[in-house]
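Please read it beside the coordinates.

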Amino acid sequence: MVGLDLVESKLEPTRAVYSQEIPAGEPWIHPLRKGQYFRIVDLHGNQAVDTLFYNEHDYSDRYSAQDTIQQQGNIYLTTGTKLMSTGGTVLLTIVADTCGRHDTLGGACATESNMVRYALEKRHMHACRNSFMKAVIEWDHGMSKRDIVSNINFFMNVPVTREGKLTFEDGISEPGKYVEMRAEIDVLVLISNCPQLNNPCNAYNPTPVQVLIWNVPET
Amino acid sequence: MEENSVFWEETIQPGAAWSHVLKRGTALRLVDLEGGANVGAIFYNFDCPVERYNMPDTLKAQHIARLTKGFVLYSDMGRILCSIVEDKVGWHDPIGGTSNAKLVKARYGSSRYQEQRNDYHKNGRDSFLIEMGKWGLGPRDLTANVNFFTRVDVAEDGSVSFGPDNSKAGDFVELRAEMNILVILNTCPHPLDPNPRYEPKPVRLSVRRAPVPGADDPCRVSRAENGRGFTLTERYFL
């Protein structure tokens, strides 16, 4: 896409201290220490990776879409974006991005919102909010639905028109595209690798993604 | 608005906060008295506040990044908290968020009650949290807010900008409660407002009786998604 500033990382996957593939429809919850680098790889292209971040020492201080938009004056996330919390904390900074644009407004699918958006009988279908709920229950640190706020959709393209319409455009990601962040404080990452089958955001074929963590940047 | 259906009216002073449980079957009208007002707002299902206004669900169900007459505000549970049944403004902001103490101090300078009494500078985040605390809600319950009377434009490259002169003196918006909703409001300046001076505006509000929407209600029939949203909301009360 014209005008996107694509920045590659120098970090070698073989030097990562952690690497995990997340199948479609699965959650992933994991802490990051301050200074660690965190990469999400869109292995097969155009997969929605619904992601939330929390201050590891105070889960009420969490990623805020509106504070992030306000701080950078832009609705899209890419290299240089500081991911802000409700308390005004910089949680992470995006340091590399080979996709070029990520969504702040579309949020997560839920069984309830699927009923509104598609049909009442869609309630049984797997959805990101259920994955988020399962992950925070199993994490067993007292988190609940109160902690599940408007999330980032990595690799999704959701533009807003001059007339104030929200549109869901064809993806701009491809197999192997990635986004990489540096943790500016100790954070907790919560991901739902999106299982949505009701719209073309994943080309009706949700696929696995990979997450990697490095302790220090390589030069 | 029929005069005899109004229960009461009051003014929210500049930079002040307000909260109320707006019952199903009533409506809240907000009037921008001087022009250029901003009303930050968050909504909860009062019967079960873990159900609350959800920005992405509101935007993607209706394919919008602005609010006006005919649109509705969704909870995270697929139900409609309130509907916008009247609007003279045409654009209300669902994405710009609210100010915090750091932003207000950086933009307008230091300000304390000790010197300025009730004109001291308030910020949106603290105003929300103080008012929410009165109902037993805290930071974990803080969620994306709406800004009535303010327009935020998004350019092709995604950059956001404050739309000047969006709301005129006398402009109003009216919200019909579709559930019993806890409404948390404040009149702090919008975080993207370029005005270098702290000049919040007052807003007149009134609460009136409003019949529950019929089968041909404009908000219900505006799109199929909203029809299903009203169905799910009505089932909650059966």
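1. Two strands are taken to pair if DSSP finds at least two bridges between them, and strands are DSSP runs (E, at least two residues), numbered from the N terminus, as are helices (H or I, at least four residues). In β10(B), Phe172(B) is the bridge partner of Val31(B), and strand β3 (residues 26-32) of chain B pairs with strand β10 (residues 172-177) of chain B in the antiparallel sense over five bridges.

2. The model is predicted: local features need pLDDT of at least 70 and side-chain atom pairs count only at pLDDT 80 or more, while totals for chains, interfaces and linings use all residues. Residues are numbered from 1 along each chain as its sequence is written, and chains are lettered from A and ligands numbered from 1 in the order in which they are written.

3. In chain B, six strands form an open antiparallel sheet in the order β1-β12-β3-β10-β6-β5, with β1 (6-12) and β5 (72-74) of chain B as the edge strands, each pairing on one side only.

4. Between the chains, 33 residues of chain A are in contact with 38 residues of chain B, contact meaning C-beta atoms, placed from the backbone, within 7 Å.

Note on methods:
Contact = placed C-beta atoms within 7 Å.
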